[in-house]
Amino acid sequence: MPPMDIEQIKDKLGLGEDKIYAVMGEFSDPHDLVHAGRKIREMGYTKIDAMTPFPVHGIDAAIGIPYSKLGWIVISVALCGSATALLLQWWCGTQNYPLVIGGKPLFDFSFSIPITFELTVLFSAFASVIGMFALNGLPRLYHPSQNYRMAHRASDDRFILVVEADDPKFNPQITVEHMKTSVREP
């Protein structure tokens, strides 16, 4: 990969006076955020995000966030963990080092349950942590939305709706007007 100069790095990170990352709307009530998110989505925007101090019921459906694939990843790797435990116990007990002790069979499923359970939990834990980091694109040391001067309020008492500039329908002036018209009337 060729070395990048400072301007290329700034361009990639969305830094600079001429760069617009997104249009952001700030709300004081979670119901207003959900309403605005639904209206913005109905207007045809697809690159929408929300920053909130706590989970807001209904925001995922309102802004079109699909269900997570993490559950499928975890269950797949958990089944691999179960299969690994059973295969390892069967191979050690019947093929590699067969010992008949007290008349017990070389392999019995009932004796293998604790180890199978433990390996299933271990594989699931690793899959969930690694899968979460991979799907979320973490660790991310910088995000352009943090340039917004009130972004820190999203972890305290404000709800922020973000329409990213990558959206095909994005136009800074029109998107600002759409954001203003999406506010719920009291």
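**Basis of the entries**

I am working with a predicted model, in which local features need pLDDT of at least 70 and side-chain atom pairs count only at pLDDT 80 or more, while totals for chains, interfaces and linings use all residues. Residues are numbered from 1 along each chain as its sequence is written, and side-chain values use heavy atoms, with hydrogens and water left out.

**Helix H5**

I placed Ser110 in helix H5; helices (H or I, at least four residues) and strands (E, at least two) are DSSP runs, numbered from the N terminus. The side chain of Ser110 makes a polar contact of 2.6 Å with the side chain of Asp108. I count as a polar contact a pair of N or O atoms within 3.5 Å; within protein, one must be able to donate a hydrogen and the other to accept it, and residues adjacent in sequence count only if both atoms are side-chain atoms. From Ser110 to Lys39 I noted 56 Å, C-alpha to C-alpha, for 71 residues in sequence.

I then turned to Thr116, also a residue of helix H5. Thr116 counts as buried at 10% relative accessibility. Leaving aside neighbours within four places in sequence, I found Thr116 in contact (heavy atoms within 4.5 Å) with Ser82, Ala85, Leu86 and Gln89.

Which residues form a nonpolar patch on the surface? I listed Leu122, Phe126, Val129, Ile130, Phe133 and Leu138, with about 540 Å² of accessible area together. Patches are made of residues with over 30% relative accessible area and no salt bridge, like charges being joined within 9 Å and nonpolar side chains (Val, Leu, Ile, Met, Phe, Trp, Tyr) within 5 Å. The areas come from the Shrake-Rupley method with a 1.4 Å probe; for residues, only the protein chains shown count as cover. Val129, in helix H5, is partly exposed at 43% relative accessible area.

Leu138 of the patch is joined to Pro139 by a cis peptide bond, with omega about 0°. In general, most peptide bonds are trans. I located Pro139 in the loop between H5 and E3.

Ser145 lies in that loop too, between helix H5 (109-136) and strand E3 (159-164). I recorded Ser145 as buried, at 4% relative accessibility. The side chain of Ser145 has a polar contact of 2.8 Å with that of His143. Beyond neighbours within four places in sequence, Ser145 is in contact with Tyr21, Met24, Met51 and Ala151.

**Salt bridges**

How many salt bridges does a search of the whole structure find? I found two, a salt bridge being a side-chain nitrogen of Lys or Arg within 4 Å of a carboxyl oxygen of Asp or Glu. One joins Arg158 and Glu26 at 3.0 Å, N to O. Arg158 lies in the loop between H5 and E3 and Glu26 in strand E1, so the pair ties together parts that are 132 residues apart in sequence. Arg158 is partly exposed at 22% relative accessible area, and Glu26 is partly exposed at 30%. Arg153 and Asp157 form a salt bridge with their closest N and O atoms 2.9 Å apart. Asp157 counts as partly exposed at 32%.

**Nonpolar cores**

I define a nonpolar core as a set of buried Ala, Val, Leu, Ile, Met, Phe, Trp, Tyr and Cys residues joined through side-chain atoms within 4.5 Å. The largest has 17 residues, of which Ile40 and Leu161 touch the most other members. Strand E1 (22-27), helix H2 (30-42), helix H3 (59-63) and E3 each give two or more residues to this core. H2 supplies the largest share, four residues. A second, separate core of six residues includes Ala22, Met51, Ala154 and Ile160.

**Tyr45**

Where does Tyr45 lie? I found Tyr45 in the loop between H2 and strand E2 (48-51), buried at 0% relative accessible area. Among the contacts of Tyr45 outside four places in sequence are Ile40, Val163 and Phe170. The side chain of Tyr45 makes polar contacts with the side chains of Thr175, at 3.1 Å, and His178, at 2.8 Å.

Key: Buried means under 20% relative accessible area, exposed over 50%, partly exposed in between (1.4 Å probe, protein chains only).
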